[in-house]
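Have the structure open as you read.

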Amino acid sequence: MRPLVTPTIESLVPYEAGKPVEELARELGVADAVKLASNENPLGPSPRALDAVRQALPDLHRYPDAATYALREKLAAVHGVAMNEVLPGNGSNELIELFIRTFTTSADHVVFAEPSFVVYKLACLAHGVPFSAVPLRDFTHDLEAMAAKVNDKTRLVFVANPNNPTGTHVGRAAVSRLLRELPPQVIVVMDEAYLQYAEAADYPDCLQLRGERERLVVLRTFSKVYGLAALRVGYAVAPAQLVDYVNRVRAPFNVGTLGQVAALAALEDHEHVERSRRLNAEQRRRLEVELGRLPLTVVPSQANFVFVDARRPGRELYEALLRKGVIVRPLGDSTFLRITVGSAAQNDRLLTALAEVLS
Ligand SMILES: Cc1ncc(COP(=O)(O)O)c(C=O)c1O
């Protein structure tokens, strides 16, 4: 009999999500665990978004607006772009998949960094698209090395800025050079899931760099600073022609009603965004200082997580922290862990557990 799936799908390892608190309670009997594994907002969703969700509940029997009109209208106004340049998705995750499905085949080629957001690689593998995974340099995207991997077949280049899992950023001058120098056929996807947390003076908001390249896609999400990860809403700002092609491929109703109304309300809650940024900046500084006092090395971060070299198998430290009710994220079999910046109380738990485990 023919194999059920292709060899690439056979070899795929499913995306490893952060361990849910409930799972830890089931497996180890640990109650009141703290999850610092999925870069979620410790302040929760915007109260305005919650109100909007409550108001929409009686209409759950209706299909969502397939055109996401109100959300696109608002996003277009916020960013000063045309409505047909805005493409909402079921999380920015879905948009990554959709760009790969829409614009590449097994005869093409994609470039991204490693380690970076694993979905770029997973999506290429799942769709049988060849890729170059370019090692980071000093924990940071090496844009020159990435550009050197671009060839006649390259259709997409993904850059997560700030990068997940390292939290590092690439500056305006280097991004600008990449956008101007890559051949015109290449679609550059700047994934700015953590943009609101970046504080570096040279961090580029790539929506301001749209004039530098026609085929530029900027990805944003409502899962991080807006605190709406459960509702799965992200969006791309892209040339209308690219949006039109992806619209032919995507599933209808890919963004649910609750996600649409919550995202719209969250965009107007500037105070919640500001509070979230301030808390993150303050607690990130605290973690960088206090983790640095432990036998750990911390990579300076522009995001809502820190990347830590445990100088021992990261999984060992991860398992020991689990037993203390603190969930972080190991990075494969490496010595690294990614730890989300939590609330002051959550970070207290983390620091106490780490001190105990490392003593
Ligand atoms: C760099 C990056 N891009 C995209 C995503 C996907 O986010 P979502 O699908 O929740 O919008 C994540 C999530 O962790 C991320 O880290």
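A disulfide here is a pair of cysteine sulfur atoms within 2.5 Å. By that rule, this structure has 0 disulfides. What you're looking at is a predicted model, where local features need pLDDT of at least 70, side-chain atom pairs count only at pLDDT 80 or more, and totals for chains, interfaces and linings use all residues. Residues are numbered from 1 along each chain as its sequence is written, and side-chain values use heavy atoms, with hydrogens and water left out.

As for the cysteines, Cys124 is buried at a relative accessible area of 0% (buried means under 20%, exposed over 50%, partly exposed in between, using a 1.4 Å probe and protein chains only). Cys206 is buried too, at 0%.

Count a salt bridge whenever a side-chain nitrogen of Lys or Arg sits within 4 Å of a carboxyl oxygen of Asp or Glu, and you get 22 of them. One joins Arg62 and Asp59, with 3.9 Å from N to O. Arg62 is exposed at 55% relative accessibility, while Asp59 is partly exposed at 38%.

Another salt bridge pairs Arg155 with Asp108, whose closest N and O atoms are 3.9 Å apart. Arg155 belongs to strand E5 (residues 154–160) and Asp108 to the loop between helix H5 (91–103) and strand E3 (109–114), so this pair ties together parts 47 residues apart in sequence. (Helices, H or I with at least four residues, and strands, E with at least two, are DSSP runs numbered from the N terminus.) Arg155 is partly exposed at 28%, whereas Asp108 is buried at 12%.

Then there's Arg286 with Asp348, whose closest N and O atoms are 2.5 Å apart. Here helix H11 (residues 270–293) supplies the arginine and helix H13 (residues 344–358) the aspartate, so the bridge links parts that are 62 residues apart in sequence. Asp348 is partly exposed, at 38%. Elsewhere, salt bridges with shared partners connect Lys19, Glu23 and Glu27 in one network.

On a 1 Å grid over the protein atoms alone, a cavity is a set of points where a 1.4 Å probe fits but cannot get out, and a pocket is an open set with protein on both sides within 12 Å along at least five of seven lines; lining residues have an atom within 4 Å of a point. Grid points are joined across faces, edges and corners, and a volume is the space filled by probe spheres set on the points. There is 1 cavity of 30 Å³ or more, and the largest cavity holds about 40 Å³. Its lining includes Glu40, Tyr197, Ser276 and Val341.

The largest pocket has a volume of about 720 Å³. Of its 25 lining residues, Glu16, Ser116, Val118, Leu331 and Gly332 lie nearest the centre. Elements giving two or more residues to that lining are E3, helix H6 (119–126), strand E12 (329–330) and strand E13 (336–340).

What is the volume of the second largest pocket? It's about 500 Å³. Tyr15, Ser38, Phe117, Lys224 and Arg232 lie nearest its centre, out of 25 lining residues, and H5 gives the most to the lining, with 3 residues. Domain 1 (7–44 + 271–358) and domain 2 (48–268) both contribute to the lining, so this pocket lies between them; the domain bounds come from an automatic or database domain assignment.
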